[in-house]
Amino acid sequence: MNLPDCIRLEETPAGYPICVISHASATARVALNGAHVMEWTPAGHSPVLYLSPDAILAEGKAIRGGIPICWPWFNAHPTDASKPMHGIARNRPWTLVRADEKTDHVTLLFKLESDEATQELWPQDFRCYLGISIGAALEVTLMTENTGSESFSVAEALHTYLTVGDIKQISIVGLHDTPYLDTVGERTLRHQTGDVTFEGEVDRQYHSTAGVVIHDPALSRKLIVDKLGSSTTVVWNPWIEKSKRLADLPDEAFHNFLCVEAANAGDATVTVQPGGSHAISTRVTVSA
Ligand code: TA6
């Protein structure tokens, strides 16, 4: 397919195609493996998405950082622990359907359709699209179509890794008075009071349809994370011990990223009827 001048297809490493976007409004990289937005840097800012320097770029392997697509299940498979964490979408090669350059942004559309390989892991007929708009804002929309003859339910997350200056100075505004499932240690239902701050490992599924604002005094910026079609906001930082257990993440990296994920997880799965569809979106912008 013809690519606009602002996009080039690189294979680094060999056999691993990555769309490299260089536009006046922003730069970015998107791997075809998992339709994975790896990096996004809007003009005039430092990188917004976090990408681990130890990320493993190999087909079938999830990339540590950027925006992994967790679909059609979140975390471990509900009944079969042998199946991949966070589902199949982030480990499959997607097809680039089209790419367009606009004056102030670039759009890319990727597609993933069910086949024998996906059927082995998840016996459903589906077509997914991932729409990405890259510019002063980053917008990612995952569309699910049920192309089969029976309804199915999905859990999902746009598992966004965000760069921060110092996790210990971070506060997340927008989840006050919100119930959440705390999955650190024994899974416990709790209730958020005030801003979310970080003094240790955080792995929470908030029951919220709202956007949030991440205040990052160390980088003198705020990250605004809005969303649509999502009733769960997942907030995660692995802290020290879990970071040491992740081979594709430096031990001290937890100081400089967090995940805020537009999701439908836990009991918030989404049922898609035959011939029906569902979309979930996240939008990230930066302000001083
Ligand atoms: O979104 C938080 C989470 O579910 C954590 O429990 C942690 O497992 C994280 O996702 C990363 O999962 P991954 O399979 O990418 O290592």
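Biologist: How far is an oxygen atom of the ligand from an N or O atom in the side chain of His86?

Modeller: This is a predicted model, and in it His86 belongs to the residues that surround the ligand. A pair of N or O atoms counts as a polar contact within 3.5 Å, and the separation between the ligand oxygen and the N or O atom in the side chain of His86 is 3.1 Å.

Biologist: Where in the chain does His86 lie, and what is its phi?

Modeller: His86 is a residue other than glycine, yet its phi is positive, with a value near 65 degrees. As for its place in the chain, His86 is found in the loop between β5 and β6.

Biologist: Which residue is joined to Pro13 by a cis peptide bond?

Modeller: Pro13 is located in the loop between β1 (7-11) and β2 (17-23). The cis bond there has an omega of about 5 degrees, and the residue it joins to Pro13 is Thr12.

Biologist: How much of the area that the ligand exposes when taken alone does the protein bury?

Modeller: A polar side-chain atom of Arg64 lies 2.9 Å from an oxygen atom of the ligand, while for a polar side-chain atom of Glu261 the corresponding distance to a ligand oxygen is 2.8 Å. Taken alone, the ligand exposes 390 Å², and the share of this that the protein buries is 90%.

Biologist: How do the residues of the shell around the ligand divide into nonpolar, polar and charged?

Modeller: The ligand sits in the largest pocket, and the residues surrounding it include Phe74, Trp236, Asp203 and Lys242. By class, the shell divides into four nonpolar, three polar and five charged residues.

Biologist: How many helices and strands does the chain have, and what is its radius of gyration?

Modeller: The chain has two helices and 22 strands. The globule rule gives 19 Å for 288 residues, and the chain comes close to that, so it is as compact as a globular protein of that length, with a radius of gyration of 18 Å.

Key: Residues numbered from 1 in each chain as written. Predicted model: local features only at pLDDT ≥ 70, side-chain atom pairs only at ≥ 80, totals over all residues. Heavy atoms only, no water. Near = heavy atom within 4 Å. Polar contact = N/O pair within 3.5 Å; in protein donor to acceptor, adjacent residues only side chain to side chain. Areas by Shrake-Rupley, 256 points an atom, 1.4 Å probe, with all protein chains shown as cover. 1 Å grid on protein atoms, 1.4 Å probe; cavity = no way out; pocket = protein on both sides within 12 Å on 5 of 7 lines; lining within 4 Å. Sits in = over half its atoms within 2 Å of the grid points. Nonpolar A, V, L, I, M, F, W, Y, C, P; charged D, E, K, R; others polar. Helix = DSSP H or I, 4+ residues; strand = E, 2+ residues; numbered from the N terminus. Rg over C-alpha atoms; globule rule 2.2 N^0.38 Å.
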